[in-house]
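Me: Hey, I've got a structure here that's new to me. Can you walk me through it?

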Amino acid sequence: MLFALTAARALGIVTVGFTGTAPGAAAMRGLCDLVLAAPTPDTPLIQQIHITAAHAICEVVEQKLFGKTP
(Lines give C-alpha, C1' and ligand atoms only; values in the text may rest on other atoms or scores of the structure.)
Protein backbone atom coordinates (compact mmCIF):
# COMPACT_ATOMS: atom_id res chain seq x y z
CA MET A 1 0.00 0.00 0.00
CA LEU A 2 2.79 2.45 0.83
CA PHE A 3 4.42 1.74 -2.53
CA ALA A 4 1.17 2.56 -4.33
CA LEU A 5 0.71 5.78 -2.37
CA THR A 6 4.31 6.80 -3.05
CA ALA A 7 3.86 6.11 -6.78
CA ALA A 8 0.58 8.03 -6.86
CA ARG A 9 2.16 10.99 -5.14
CA ALA A 10 5.05 10.96 -7.65
CA LEU A 11 2.48 11.07 -10.47
CA GLY A 12 0.58 13.95 -8.88
CA ILE A 13 -2.51 11.85 -8.14
CA VAL A 14 -4.62 12.92 -5.18
CA THR A 15 -4.53 10.20 -2.54
CA VAL A 16 -7.15 9.39 0.07
CA GLY A 17 -6.51 7.08 3.01
CA PHE A 18 -8.99 5.28 5.22
CA THR A 19 -7.54 4.20 8.57
CA GLY A 20 -8.07 3.97 12.30
CA THR A 21 -5.95 5.10 15.23
CA ALA A 22 -3.28 2.40 14.97
CA PRO A 23 0.26 3.77 15.22
CA GLY A 24 1.23 1.80 12.11
CA ALA A 25 -0.98 4.05 9.99
CA ALA A 26 1.30 7.06 10.49
CA ALA A 27 3.39 6.26 7.40
CA MET A 28 0.24 6.07 5.28
CA ARG A 29 -1.09 9.35 6.66
CA GLY A 30 2.06 11.12 5.52
CA LEU A 31 1.46 10.01 1.93
CA CYS A 32 -2.24 10.94 1.72
CA ASP A 33 -3.78 14.23 0.72
CA LEU A 34 -6.96 13.35 2.62
CA VAL A 35 -7.29 10.93 5.52
CA LEU A 36 -10.43 9.50 7.07
CA ALA A 37 -9.20 8.21 10.42
CA ALA A 38 -11.91 6.46 12.42
CA PRO A 39 -11.36 7.46 16.05
CA THR A 40 -10.96 3.92 17.38
CA PRO A 41 -8.50 1.02 17.35
CA ASP A 42 -11.38 -1.49 17.03
CA THR A 43 -11.17 -3.03 13.52
CA PRO A 44 -14.87 -3.96 13.11
CA LEU A 45 -15.93 -0.46 14.15
CA ILE A 46 -13.35 1.11 11.83
CA GLN A 47 -14.74 -0.96 8.96
CA GLN A 48 -18.31 0.10 9.73
CA ILE A 49 -17.31 3.76 9.79
CA HIS A 50 -15.40 3.42 6.52
CA ILE A 51 -18.26 1.62 4.78
CA THR A 52 -20.70 4.34 5.83
CA ALA A 53 -18.30 7.07 4.71
CA ALA A 54 -17.69 5.35 1.37
CA HIS A 55 -21.43 5.18 0.69
CA ALA A 56 -21.78 8.88 1.51
CA ILE A 57 -18.87 9.74 -0.80
CA CYS A 58 -20.41 7.69 -3.62
CA GLU A 59 -23.72 9.49 -3.15
CA VAL A 60 -22.06 12.91 -3.43
CA VAL A 61 -20.10 11.84 -6.52
CA GLU A 62 -23.28 10.53 -8.16
CA GLN A 63 -25.08 13.78 -7.45
CA LYS A 64 -22.21 15.85 -8.85
CA LEU A 65 -21.74 13.72 -11.97
CA PHE A 66 -25.32 12.79 -12.81
CA GLY A 67 -27.51 15.27 -10.96
CA LYS A 68 -29.27 12.50 -9.09
CA THR A 69 -31.00 13.32 -5.83
CA PRO A 70 -31.90 10.88 -3.10
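**A first walk through the model**

Reply: Strands here are DSSP runs of E with at least two residues, helices are DSSP runs of H or I with at least four residues, and both are numbered from the N terminus. Keep in mind that this is a predicted model, where local features need pLDDT of at least 70, side-chain atom pairs count only at pLDDT 80 or more, and totals for chains, interfaces and linings use all residues. Residues are numbered from 1 along each chain as its sequence is written, and side-chain values use heavy atoms, with hydrogens and water left out.

Me: Is leucine 36 buried, partly exposed or exposed?

Reply: Leucine 36 counts as partly exposed, because its relative accessibility is 29%. The scale goes like this: buried is under 20% relative accessible area, exposed is over 50%, and partly exposed is in between (1.4 Å probe, protein chains only).

Me: What is leucine 36 in contact with?

Reply: Leaving aside neighbours within four places in sequence, leucine 36 is in contact with Gly17, Phe18, Thr19, His50 and Ala53. Contact means heavy atoms within 4.5 Å. Phenylalanine 18 also stands opposite leucine 36 in strand 2.

Me: How do strand 1 and strand 2 run, and how many bridges join them?

Reply: They run parallel, and four bridges join strand 1 to strand 2. For two strands to pair, DSSP has to find at least two bridges between them. Strand 1 has Gly17 and Thr19 on its covered face, while Val16 and Phe18 are on the uncovered one.

Me: What packs against strand 1 and strand 2?

Reply: The buried residues of helix 3 do. Those are Ile46, His50 and Ala53.

Me: Why would residues three or four places apart point the same way?

Reply: An α-helix has 3.6 residues a turn, so residues three or four places apart point the same way.

Me: How many residues does helix 3 have, and how far does it reach?

Reply: Helix 3 has 24 residues and reaches 34 Å from first C-alpha to last, close to the expected 34 Å. The expected span is 1.5 Å times one less than the number of residues. After helix 3 comes glycine 67, with a positive phi near 70°.

Me: Switching topic: which residues form the nonpolar patch on the surface?

Reply: Val14, Val16, Phe18, Leu34, Ile57, Val61, Leu65 and Phe66, with about 780 Å² of accessible area together. Areas come from the Shrake-Rupley method with a 1.4 Å probe, and for residues only the protein chains shown count as cover. Patch residues have over 30% relative accessible area and no salt bridge; nonpolar side chains (Val, Leu, Ile, Met, Phe, Trp, Tyr) are joined within 5 Å, like charges within 9 Å.

Me: Which element gives the most to the nonpolar patch?

Reply: Helix 3, with four residues. Strand 1 (16-19) and helix 3 (43-66) each supply at least two. Leucine 65 is found in helix 3, and leucine 65 counts as exposed because its relative accessibility is 60%.

Me: How many salt bridges does a search of the whole structure find?

Reply: One. The side chains of arginine 9 and aspartate 33 meet in that bridge, 3.3 Å from N to O. Arginine 9 lies in helix 1 and aspartate 33 in the loop between helix 2 (26-29) and strand 2 (34-37), so the pair ties together parts that are 24 residues apart in sequence. The cut-off is a side-chain nitrogen of Lys or Arg within 4 Å of a carboxyl oxygen of Asp or Glu.

Me: Are arginine 9 and aspartate 33 buried, partly exposed or exposed?

Reply: Arginine 9 is partly exposed at 38% relative accessibility, and aspartate 33 is partly exposed at 44%.

Me: What does threonine 15 touch?

Reply: Not counting residues up to four places away in sequence, threonine 15 touches Leu5, Ala8, Arg9, Leu31, Cys32, Asp33 and Leu34. Threonine 15 lies in the loop between helix 1 (2-10) and strand 1, and counts as buried because its relative accessibility is 4%.

Me: And alanine 8, where is that found?

Reply: In helix 1. Alanine 8 is buried, with a relative accessible area of 12%.
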